[in-house]
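Here's a quick briefing to read alongside the model. Have a look at the fold first, then go through the points below.

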Amino acid sequence: MDLPLTLAACALFLVLAIVCGWFGARPINVLKGPRMVPWRPLMMVCVVALMLMMVHLANLLGFQTGNQPRY
C-alpha cells in the first residue's frame, strides 16, 4: 500500500471507530428491544485496524519497527 491509500485507511478507521463508539455509548431503549449491532466490539476492531495502519504508516515514513536482526 502506498502513502495516500494508507492515510485514507487511517482516516476511515478513525471515523468508523468514533461513530461505533458514539452508537455504543447511547442509552438502551427498552421499548425498542435489544441492539442487534455489537457497536463496542466493532469499535475495538476499528481501533486495532487503525493501530496496524499507523504502524504501516511509520514504516512507510522510514521508521524501523519490529525486531532488528542481531549479527
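By class, three nonpolar, two polar and three charged residues line the largest pocket; Ala, Val, Leu, Ile, Met, Phe, Trp, Tyr, Cys and Pro count as nonpolar, Asp, Glu, Lys and Arg as charged, and the others, Gly among them, as polar. This is a predicted model, so local features need pLDDT of at least 70 and side-chain atom pairs count only at pLDDT 80 or more, while totals for chains, interfaces and linings use all residues. Residues are numbered from 1 along each chain as its sequence is written, and side-chain values use heavy atoms, with hydrogens and water left out.

**Largest pocket**

- The lining is made up of Arg 26, Pro 27, Ile 28, Asn 29, Lys 32, Gly 33, Pro 34 and Arg 35.
- The space inside comes to about 200 Å³, where a volume is the space filled by probe spheres set on grid points joined across faces, edges and corners.
- On a 1 Å grid over the protein atoms alone, a pocket is an open set of points where a 1.4 Å probe fits, with protein on both sides within 12 Å along at least five of seven lines, and lining residues have an atom within 4 Å of a point.

**Helix α1**

- Helix α1 runs over residues 3–24, and its 22 residues should span 32 Å at 1.5 Å a residue; the end C-alpha atoms are 31 Å apart, which agrees. (The expected span is 1.5 Å times one less than the number of residues; helices are DSSP runs of H or I, at least four residues, numbered from the N terminus.)
- Buried in α1 are Thr 6, Ala 9, Cys 10, Ala 17, Cys 20, Gly 21 and Gly 24. Looking down the axis of α1, these buried residues fall within an arc of 105°, so they line one face of the helix. (Buried means under 20% relative accessible area, exposed over 50%, partly exposed in between, with a 1.4 Å probe and protein chains only; the arc is that of the directions from the helix axis to the C-beta atoms.)
- Over on the other side of α1, the exposed residues are Pro 4, Val 15, Ile 18 and Trp 22.
- Leu 14 sits in helix α1 and is partly exposed, with a relative accessible area of 42%.

**Helix α2**

- With 22 residues, α2 reaches 31 Å from its first C-alpha to its last, close to the 32 Å expected at 1.5 Å a residue.
- The buried set of α2 is Cys 46, Ala 49, Leu 50, Met 53 and Leu 57. They cover an arc of only 110° around the axis, which puts them on the same side of α2.
- Arg 40, Val 45 and Leu 52 are exposed on the face of α2 turned away from its buried side.

**How the helices meet**

- The buried residues of α1 pack against α2 (39–60), and those of α2 pack against α1.
- Leu 57, at 17% relative accessibility, counts as buried. Leaving out residues up to four places away in sequence, Leu 57 touches Leu 3, Thr 6 and Leu 7 (contact means heavy atoms within 4.5 Å).
- Leu 57 and Leu 3 are 54 residues apart along the chain, yet their C-alpha atoms are separated by 7.2 Å.
- For Leu 14 and Val 47, 33 residues apart along the chain, the C-alpha separation is 7.2 Å.

**Loop and tail**

- Ala 25 lies in the loop between α1 and α2 and counts as exposed at 56% relative accessibility.
- After α2 comes Gly 62, with a positive phi near 105°.
- Gly 66 is in the segment after α2 and is exposed, with a relative accessible area of 62%.

Note on methods. Helices (H or I, at least four residues) and strands (E, at least two) are DSSP runs, numbered from the N terminus.
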